[in-house]
Amino acid sequence: MGTMRGVNKMGIKDKYQDYFEIGVAVNNRTIRTHSELIKKHFNSLTFENESKFSSLQKSEGKYKFKKLDELVSFGRENKMSMRGHTFTWHQQTPNWVFKNATKEILLERLKSHIEVVGKRYEDDFYCWDVVNEAIDDKGDGILRKSFWTDIIGQDFMEYAFHYAREVLPSTELFYNDYNESLLPKRDKIYKTVKDMKDKGVPINGVGLQCHWNIYQPSMDEIRRAIEVYADLGLRIHITEMDISVYRFEDKQRLSKPTEKMLEQQAKVYGDSFAIFREYKDLIDNVTLWGPADDVTWLDNFPVRKRKNWPLLFDENQEPKEAYYRIMDF
Ligand code: GLA
């Protein structure tokens, strides 16, 4: 190892061209501040917030496409694939959607949002996360309680997938979630998606968000998750990968990451990308949730205003040890 450091910073997408697309989450700021880095290393885009319900239809019928259109133009110009994210979620959905809604009214609102947004970007987005994070992390219940379950019922996802399929006959439709590799959630996701498939609900893939940290999940858990979901006969996307240097419950605040942390992070990136490569026949896309450590949502989650360093490039957009490790094969 170490032979190519600093010398040949090859694009990740080029190194992985026979494996899967390499994606990145972007927004209207980072396509400017990180433009060169994004173009060099990535060939797929997900929009951090701009294709969510609340960004597009904050008030009923008043769609705002300007920001998303700008991002889509950037993707087109650079010949990148684009993932739509997301139609149905318990967050970032405006209140009006649920206000005074009967089941019929809510379904109508969902359907018309999917029609308008889906159609508009049909030629640009090759897949959509039709439903995001519907499954409960803990307890015996399967779905998390939300306005969607309260008003429509336990089968709200089925409606969303059917509506999406009606509008988008050839787009790949995904279910996307976090804690995807850990029990009990892994089993719950498997069961839910299997039930949908058995009923003939049009779903093509499972999105594994992969918001991990340097301590978990284990490589065995990751491998198991990929195998379990693939067993459903569905495609797999790694949709939002980042590797926090803290445990979820850690309250510690560092001014810089320790060497040990960065080494462990590099190891986790290296080992998990090795697993992804093994399953390249099942995995079509591996997306990082941000271009570099200066712009990451983890600076405010789960602890506000605490620096995290979860990505492949540092705060100066320079490659970290993790980058070299995923490129070393
Ligand atoms: C979830 C969502 C993403 C994003 C992240 C935090 O994982 O799916 O769209 O909001 O949280 O950035």
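This is a predicted model: local features need pLDDT of at least 70, side-chain atom pairs count only at pLDDT 80 or more; totals for chains, interfaces and linings use all residues.
Biologist: Is K305 buried or exposed?
Modeller: Exposed means over 50% relative accessible area. K305 has a relative accessible area of 67%, so K305 is exposed.

Biologist: What is phi of K305?
Modeller: K305 is not a glycine. Even so, its phi is positive. The value is about 55°.

Biologist: Which residue does a cis peptide bond join to P302, and what is omega?
Modeller: P302 has its place in the loop between strand 9 (283-288) and helix 12 (321-327). The cis bond joins P302 to F301. Omega is about -5°.

Biologist: Where is P217, and what is omega of the cis peptide bond that joins Q216 and P217?
Modeller: P217 sits in the loop between strand 7 (211-213) and helix 10. For the cis bond of Q216 and P217, omega is about 0°.

Biologist: N100 has a positive phi; what is its value, and is N100 buried or exposed?
Modeller: N100 lies in the loop between strand 3 and helix 6. Its phi is near 50°, and N100 is a residue other than glycine. With 68% relative accessibility, N100 counts as exposed.

Biologist: Why is strand 3 largely enclosed by the rest of the structure?
Modeller: Strand 3 covers residues 81-88. A residue is buried under 20% relative accessible area. Strand 3 is largely enclosed because its buried residues number eight of eight.

Biologist: Which residue of strand 3 is the bridge partner of S44?
Modeller: Strand 2 (residues 44-47) pairs with strand 3 in the parallel sense. Three bridges link strand 2 and strand 3. The partner of S44 is S81.

Biologist: Which residue of strand 4 is the bridge partner of H85?
Modeller: Strand 4 spans residues 125-132. Strand 3 and strand 4 pair in the parallel sense, over five bridges. The partner of H85 is D129.

Biologist: At roughly what angle do the axes of helix 9 and helix 10 cross?
Modeller: Helix 9 is residues 185-198 and helix 10 is residues 219-230. Their axes come within 10 Å and cross at roughly 10°. That makes helix 9 roughly parallel to helix 10, as angles under 35 degrees count as such. The crossing angle is roughly 10°.

Biologist: How many nonpolar, polar and charged residues make the contact of helix 9 with helix 10?
Modeller: Helix 9 gives R186, I189 and Y190. Helix 10 gives E221, R224, A225, V228 and Y229. By class, the contact has five nonpolar, no polar and three charged residues.

Technical notes
Residues are numbered from 1 along each chain as its sequence is written. Side-chain values use heavy atoms; hydrogens and water are left out. Buried means under 20% relative accessible area, exposed over 50%, partly exposed in between (1.4 Å probe, protein chains only). Helices (H or I, at least four residues) and strands (E, at least two) are DSSP runs, numbered from the N terminus. Two strands pair if DSSP finds at least two bridges between them. Axes are lines fitted to C-alpha atoms, for helices over the stretch in contact, and angles run from 0 to 180 degrees between N-to-C directions. Angles under 35 degrees count as roughly parallel, over 145 as roughly antiparallel, 65 to 115 as roughly perpendicular and the rest as oblique. Contact means heavy atoms within 4.5 Å. Ala, Val, Leu, Ile, Met, Phe, Trp, Tyr, Cys and Pro count as nonpolar, Asp, Glu, Lys and Arg as charged, and the others, Gly among them, as polar.
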